[in-house]
Amino acid sequence: MNGTRRAFLGKALGVAAAATTVKATGSHAYASDADASNVAETAAETARRCRRIPPAGIGMHLYTMRAPLATDFKGTLARLAQIGYATVGVSGRHGNSAAAIRSMLDEMHLRAVLEHVGYDVVRGSGLPQALEDIRTLGARWVVVPSLPGAMHTPAGFREAAREFNKAGLAARNAGLGPLLFHNHGADHQVVDGENLYDILLRETDPELVGFELDVYWAAKGGGSDPQDLFVEHRRRFPALHVKDMAPSGGFADVGSGVLDFAAMFDTARSGGVKQWLVEHDAPADPFASAQNSYTYLANLRY
């Protein structure tokens with residue numbers, strides 16, 4: 001149980017005791033100002049804890065399902081839909097065209113929201129086709145999944161910021177959402193006194209470039225807490241990779257590890273979060289992981 005939850009329970013128990021005392025002393029008794037303040041504070045906390053992820057916002061990033069997708073793409077999508085997922089993030093087509101994937105998604109009543117596209121494609125002549133494929137998929141965002149290791153310097157990230165701004169403008173002109181960047185642990189390093197991720201946050205145009213925040217890598221890379229990022233950089237995080245961390249530091253099904261998702265999501269509205277995409281980089285059983293993670297997110301209150 002985390003400190004926030006313990007504090008909430010302690011407050012709730014204290015208010016219940018105060019309310020009982022007031023009732024027992026009769027109708028002429030009044031709670032103290034402190035008690036009244038506690039009651040109001042607890043009511044606000046209870047209301048806050050009733051928030052939930054919209055069902056249409058719970059998705060699966062398909063990298064998690066790459067093994068079953070490679071042998072039965074359509075059947076894998078069908079099972080995800082049966083679990084309850086509403087959306088997917090595309091990461092690898094396994095020999096299928098964008099149109100073929102869209103047809104399968106439509107049949108299963110799933111919706112693609114984004115696709116991962118390599119940096120070299122985004123900054124090169126392949127961008128127009130990538131944007132057209134996003135439209136074919138019915139998605140909104142093209143996402144750069146990573147940057148080459150040689151670019152992990154302040155100069156490299158400034159170059160990436162310039163390229164992202166240009167690609168984001170092309171995406172907007174194509175009627176799509178902003179270009180997004182997906183982080184890994186190394187993106188949160190401090191190099192020559194500068195936090196690399198902060199360079200992208202500062203030097204990209206908020207109207208053209210956003211972020212698909214992988215909360216696992218943000219935590220493991222030593223980056224800012226998502227709860228803070230969502231407040232400090234409002235509306236820049238339309239999509240998340242919801243990935244949990246095992247006590248060992250490895251990957252875990254969402255809800256079974258050590259990350260405090262309720263605290264993370266407390267300010268998600270400020271961050272502009274629309275999609276909570278489950279991801280597990282190395283699931284022993286992809287479908288069991290998909291089920292466990294969906295059940296947790298569907299029942300989470302924060």
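Glu 279 is buried, at a relative accessible area of 5%, where buried means under 20% relative accessible area, exposed over 50% and partly exposed in between (1.4 Å probe, protein chains only). The model is predicted: local features need pLDDT of at least 70, side-chain atom pairs count only at pLDDT 80 or more, and totals for chains, interfaces and linings use all residues. Residues are numbered from 1 along each chain as its sequence is written, and side-chain values use heavy atoms, with hydrogens and water left out.

The side chain of Glu 279 meets that of Lys 243 in a salt bridge, at 3.1 Å from N to O; a salt bridge is a side-chain nitrogen of Lys or Arg within 4 Å of a carboxyl oxygen of Asp or Glu. This pair links distant parts of the chain, 36 residues apart: Lys 243 is in the loop between strand 9 (239-242) and strand 10 (244-245), and Glu 279 is in the loop between strand 12 (275-278) and helix 14 (286-299). Helices (H or I, at least four residues) and strands (E, at least two) are DSSP runs, numbered from the N terminus.

Lys 243 counts as buried because its relative accessibility is 1%. Lys 243 also forms a salt bridge with Asp 281, with the closest N and O atoms 2.9 Å apart. Asp 281 lies in the loop between strand 12 and helix 14, and this pair is 38 residues apart. With 15% relative accessibility, Asp 281 counts as buried.

Another salt bridge joins the side chains of Asp 133 and Arg 93, at 2.9 Å from N to O. Asp 133 is in helix 7 (residues 127-137) and Arg 93 is in the loop between strand 2 (87-90) and helix 5 (98-107), so the bridge ties together parts 40 residues apart in sequence. Asp 133 is buried at 13% relative accessibility, whereas Arg 93, at 22%, is partly exposed.

A network of salt bridges links Arg 158, Glu 194, Arg 202 and Glu 203. In total, the structure holds 13 salt bridges.

The chain as a whole has 14 helices and 12 strands. Of its 302 residues, 48% are buried. Among contacts (heavy atoms within 4.5 Å) with a separation of 6 or more, 78% are between residues 24 or more positions apart. The chain exposes about 13,700 Å², and carbon and sulfur atoms supply 53% of that area. Accessible areas come from the Shrake-Rupley method with a 1.4 Å probe; for residues, only the protein chains shown count as cover.
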